[in-house]
Amino acid sequence: MKQILFTLASVAAFSLHAATQQTPAGYSATTIALPAGAGNVLTLPSGTVSFDGFDLELTTPSGATQKLLRFASYTFGSFVEVIDGNDLLFGESSAGTIWRVPLTGGLPQQLTSLTFNYDAVVLDDARALVSAKTGGFSAPDNDVVLLDLDSGATQMVAAFPGASGPLAIDDDGDVYYATAPSAFPAPAGTVSVLRIDRTLLEQAIANGTVLGLANAHTVVSGLDAAGDLAFDDDGDLFFTDWFQGAIGEIDDADQPNAALAPAFLDYSGAGYSAGSLQFVSAPAVPGAAFEPFQPAGSRLVVYETDYASINQLRVLRGQRADLTTTATSPVPAGSFQISLAAGPANGFALLLFAPTTAAGVLPLSVAGFEQPLLLDQAVAASPATTSSPLDNAGGTTWTLANPGFAPAIDATFQAVFASPAGQLGTTAALSLQVSQ
């Protein structure tokens, strides 16, 4: 197996990154139309929340709508977050009010007012952080304010120079903030993503101190814009770059080796752009991650708009390559074919074979590669192999010879592959019996 990994890694390491496209290689994308004017969109198990300037609504999968909060005059929504699975945290920047809104009935509660509130993250069921330009547009700093989700009490915990920036939180509870220059249009390359360690944040809350640039770690710098932030399930941080018309990605943003990756999505020429991001974690296979050619499950939900006639969600999921056969099990003696489809265009694949039954997924980490290699345990030890280049549609067919077995034996096949963009992947295991 070490030789197999070395072969694939060698092929990928000497390849160049493919050009970014609307749907990145190794992912699938679907779009969902939204009502005209809908924004501040949030996907929940119970449906989709959106705000059109007057009504905050929940639309169920059946199409039924539930009005959660209403404003008498047009209001500019800032953010909507889930507090505890039952309530929403909603902010608007026209009057600066922030609300706790029940999803299951009950009256909305105005928690507080923060001038020009922009974004928020929930720390726990009792507390959230809000990014807000509380001093107004002319103030030199943007504030990060602790909000008590029960009483509405506030406490300033950080201040950063410039305009309002978005917030995110990782699995360890560390908080991330993207700076935004006060100048408009913003000079290129002046945005940084910062990390505030959770321990330091809690100390500041307990001691009543205000953190600043000197207390934050710089994750990456030199970005052109970062309007919204969202973590995936393996520590990569996505951001909306309205300056470049793209969704950017920081690999392993929660690690010391964080690095800016090529743009994840490029909206050049699309006529619309990404407004906000939401990541929904739901791995379909143990050990899988939101990476190219991984099993579908977790998803990145992108709110797209032209601020006129286009309002939609783009839902991106990993798309695993397929391994199929036209042979009928048990396969009789003679030749038969196994085909790989939806792999990486012009990639390289190995077909693995072991005379045993499929035994479950064994996720393997390969140094230098983001995505885990999801091998079946049946082929992870000493499999027989045969190789093939992939065509420009990411496919190939192997013609195999069955010498005949009596009695019939169980057989497990699985393909592993490398892409020209430096990505690794596997198909699901294919189980057959081979006979005489």
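## Strand E33 and its partners

Look across from Phe 348 and you find Ala 418 of E33 as its bridge partner. Phe 348 sits in E28 (residues 348–354), a strand that runs antiparallel to E33 and is joined to it by seven bridges. Strands here (E, at least two residues) and helices (H or I, at least four) are DSSP runs, numbered from the N terminus, and two strands count as paired if DSSP finds at least two bridges between them. A word on the source: this is a predicted model, in which local features need pLDDT of at least 70, side-chain atom pairs count only at pLDDT 80 or more, and totals for chains, interfaces and linings use all residues. Residues are numbered from 1 along each chain as its sequence is written, and side-chain values use heavy atoms, with hydrogens and water left out.

Five bridges tie it to E35 (residues 430–434), where Gln 433 is the bridge partner of Asp 410. Another three bridges link E33 to E34 (residues 424–426), again in the antiparallel sense. Ala 418 turns up here too, standing opposite Leu 424 of E34. The E33–E34 hairpin has five residues between its strands, and one of the residues in this hairpin, Gly 422, takes a positive phi near 80°. Eight of the 10 residues of E33 (residues 409–418) are buried, so the strand is largely enclosed by the rest of the structure. Buried means under 20% relative accessible area, exposed means over 50%, and partly exposed is in between (1.4 Å probe, protein chains only).

H2 covers residues 198–207, and its buried residues include Arg 198, Leu 201, Ala 204 and Ile 205. These four span an arc of only 120° around the axis, which puts them on the same side of H2; the arc is that of the directions from the helix axis to the C-beta atoms. Thr 199, Ala 206 and Asn 207 are exposed on the other side of H2.

Glu 249, in strand E20 (residues 246–251), is a buried charge with no salt bridge. A salt bridge here is a side-chain nitrogen of Lys or Arg within 4 Å of a carboxyl oxygen of Asp or Glu. Lys and Arg count as positive, Asp and Glu as negative, while His and the chain ends are not counted. For Glu 249, the nearest side chain of opposite charge is Arg 314, 15 Å away. Leaving out residues up to four places away in sequence, Glu 249 touches several residues, among them Asp 236, Phe 238, Phe 239, Leu 260 and Phe 264. Contact means heavy atoms within 4.5 Å.

Val 130 belongs to strand E11 (residues 127–132) and counts as buried because its relative accessibility is 0%. With residues up to four places away in sequence set aside, its contacts include Phe 79, Ile 98, Leu 114, Val 145, Leu 147 and Leu 167.

## The whole chain

The protein chain has two helices and 35 strands, and 52% of its 436 residues count as buried. Its C-alpha trace spans about 80 × 45 × 45 Å along the principal axes.

Of the contacts between residues at least 6 apart in sequence, 54% join residues at least 24 apart. The chain exposes about 18600 Å², with carbon and sulfur atoms supplying 54% of it. Accessible areas come from the Shrake-Rupley method with a 1.4 Å probe, and for residues only the protein chains shown count as cover.
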